[in-house]
Amino acid sequence: MSTPLHPVLAEVTERLRERSRDTRAAYLARIDAAGTGGTHRERLSCGNLAHGFAACGTDDKAALRDGHAPNLGIVTSYNDMLSAHQPYERYPEFIRQVAREAGITAQVAGGVPAMCDGVTQGRAGMELSLFSRDLIAMATAVSLSHDMFDGTLYLGICDKIVPGLLIGALSFGHLPGIFVPGGPMPSGITNEQKSKVRQAYAEGKANRAELLEAEAAAYHAPGTCTFYGTANSNQMLMEIMGLHLPGASFVAPDTPLRDALTAEAVRRVAALSAKGGQHLPIGHIVDERAIINGVVGLHATGGSTNHLLHLVAMARAAGIQLRWDDFDALSSVVPLLARVYPNGYADVNQFHEAGGMGFLIDQLLSAGLLHADVRTVFGTGLDGYTQVPSLDDAGTVQWTPVAKESGNRGVLRGIAEPFRADGGLRLLAGNLGRAVIKVSSVPDDRQVIEAPAIVFHDQDDVRKAFERGELNRDFIAVVRFQGPRAIGMPELHKLTPTLAVLQDRGYRIALLTDGRMSGASGRVPAAIHVTPEAQAQGPIAKIRDGDLIRLDATRGTLDVLVDASEFASRAPATADLSPHHSGMGRELFGLFRQAAVEADLGAGVL
């Protein structure tokens with residue numbers, strides 16, 4: 001007998017369902033109409049179809065001529081500059097071979113761009129990062145526009161790439177689809193060791209060679225970076241939303257189990273196709289329950305703040321009107337069950353070894369904090385995801401129930417002994433607008449910061465002020481004109497070491513910005529994603545140096561303590577953003593900036 005849903009989970013889901021009733025119905029009508037009439041490939045003209053299989057081998061060409069077996073599309077984000085995506089190099093040929101052995105065919109439908117936030121962090125290229133999500137969604141749609149495919153395998157892992165792939169997949173929501181991960185790199189030096197060297201470098205106590213040595217020891221092999229940022233939060237989401245196979249998220253690259261899971265994904269997506277007998281379009285998997293499960297997973301793991309943008313945009317692509325208020329309503333009832341850096345000492349490999357996603361899902365289901373009655377690519381409800389994969393003697397994947405006890409209580413805990421009663425993602429609101437804050441790793445005595453503002457229009461100016469010795473005091477750094485309409489809402493993670501040094505010196509420090517801080521945000525309180533943004537003349541544009549600001553994460557408030565009439569009478573500041581709008585490809589994104597919506601709507605292009 002299943003555990004009854006937690007009343008708050010049930011209430012938030014029903015509110016979301018009611019709010020989305022019309023848009024969800026319109027979405028389902030559209031994808032269901034697109035899926036009628038059988039396989040689109042069979043309706044192609046002879047010239048269309050001949051183009052579609054012209055480059056195939058003899059056997060694949062014959063199968064595509066015949067048209068009775070499923071043909072799978074592969075949308076890949078492979079490049080060998082991203083460690084996470086390098087393992088995908090050999091996937092297309094491997095997938096094609098598995099498909100042939102199963103009597104079906106597979107083709108690379110297209111590639112999508114995949115930039116690395118780790119490489120562009122603090123650089124001009126970071127200003128293209130968020131908009132790359134919408135570009136990836138468009139590229140995914142272009143890849144699937146040929147009507148050649150009965151199902152799709154999506155190869156992507158990092159930051160904007162998985163959200164973009166899913167948004168694009170949902171635009172072709174009549175097709176079944178499975179997300180195929182690549183797995184994390186082996187553990188290098190600990191994230192804490194790396195962070196200490198970064199902080200020492202910020203203080204001038206380590207040189208560039210020492211810093212590079214530490215970074216290279218942390219990021220040292222093919223696979224996903226092992227800290228719990230947006231990339232690994234993506235993998236958690238795809239599994240808890242039923243779009244991965246159970247236990248697939250954090251299996252190491254280039255191992256027999258990794259390959260076996262990929263092969264099984266090929267066979268599963270074929271079975272889910274209209275020709276496969278278990279027809280299940282991806283647009284029917286991603287419903288209100290799956291979206292709420294994603295929000296719960298984010299809270300329970302202390303996941304990336306970027307998903308307060310991405311989940312909103314992904315939900316909207318399925319006709320679902322998710323709001324920040326839904327995150328906030330769930331935050332008080334979903335406990336933090338995982339401590340993975342920057343919310344703890346461990347990395348995702350240690351999380352996986354302790355029981356990983358199977359244990360997490362099992363514990364949340366036992367408390368009624370997940371919807372069990374969802375549809376998944378595995379063909380079960382979410383209870384099927386309380387299992388872990390392994391290989392039998394024949395090299396075939398088998399799934400067995402996860403252990404009921406954590407393998408490492410310092411990393412992963414059961415529902416009866418959480419690390420904290422909430423997941424630490426909170427909504428802030430006040431006379432400065434709305435923002436979000438991740439407090440899961442912020443010390444208890446830093447949950448409330450009241451201090452004068454120091455205003456910056458560029459993150460590099462914070463560093464320069466630090467080097468001049470101007471920041472040795474209590475203050476809130478207001479870094480504005482960083483929003484989507486201004487310069488694309490870059491991550492400002494480059495600020496973390498500098499602000500952490502000042503906090504460690506005993507000063508009461510916080511950050512307030514209409515930019516982002518990502519899943520790598522850490523111990524310094526950071527009110528991010530401020531909306532309305534400065535470029536839209538939001539209240540953040542009226543803040544002046546010395547204004548007293550109160551950031552209260554315990555009460556969920558964000559206010560400037562200035563006479564209301566005086567503050568209202570101020571003209572909003574302006575900034576010369578022209579240097580940010582040209583060079584490094586940024587001029588190509590002018591239309592994105594002009595059409596961008598506010599952060600609480602997903603900070604993309606509607």
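The legends below describe views of a predicted model.

**View 1. The overall fold of the protein.** The protein contains 22 helices and 14 strands. Its radius of gyration is 24 Å, close to the 25 Å that the globule rule gives for 606 residues, so the protein is as compact as a globular protein of that length. Taken along the principal axes, the box filled by the C-alpha atoms is roughly 75 × 55 × 50 Å.

**View 2. The largest nonpolar core.** This core has 150 residues. Among its members, L166 and L311 touch the most other members.

**View 3. The surroundings of L311.** Leaving aside residues up to four places away in sequence, L311 touches L237, M241, I291, G294, V295, L298, L322 and F327. L311 belongs to the largest nonpolar core.

View 4. Of the 606 residues of the protein, 61% count as buried, that is, they have under 20% relative accessible area. Among contacts with a separation of 6 or more, 77% are between residues 24 or more positions apart.

**View 5. The surface and the charges.** The protein has an accessible surface of about 21900 Å². Carbon and sulfur atoms account for 53% of this surface. The protein carries 56 positive and 66 negative charges. The mean position of the positive charges and that of the negative charges are 2 Å apart.

Note on methods: Residues numbered from 1 in each chain as written. Predicted model: local features only at pLDDT ≥ 70, side-chain atom pairs only at ≥ 80, totals over all residues. Heavy atoms only, no water. Core = buried A, V, L, I, M, F, W, Y, C linked by side-chain atoms within 4.5 Å. Buried < 20%, exposed > 50% of the residue type's maximum accessible area, 1.4 Å probe, protein only. Contact = heavy atoms within 4.5 Å. Helix = DSSP H or I, 4+ residues; strand = E, 2+ residues; numbered from the N terminus. Rg over C-alpha atoms; globule rule 2.2 N^0.38 Å. Areas by Shrake-Rupley, 256 points an atom, 1.4 Å probe, with all protein chains shown as cover. Lys, Arg positive; Asp, Glu negative; His and termini not counted. Charge placed at Lys NZ, Arg CZ, Asp CG, Glu CD.
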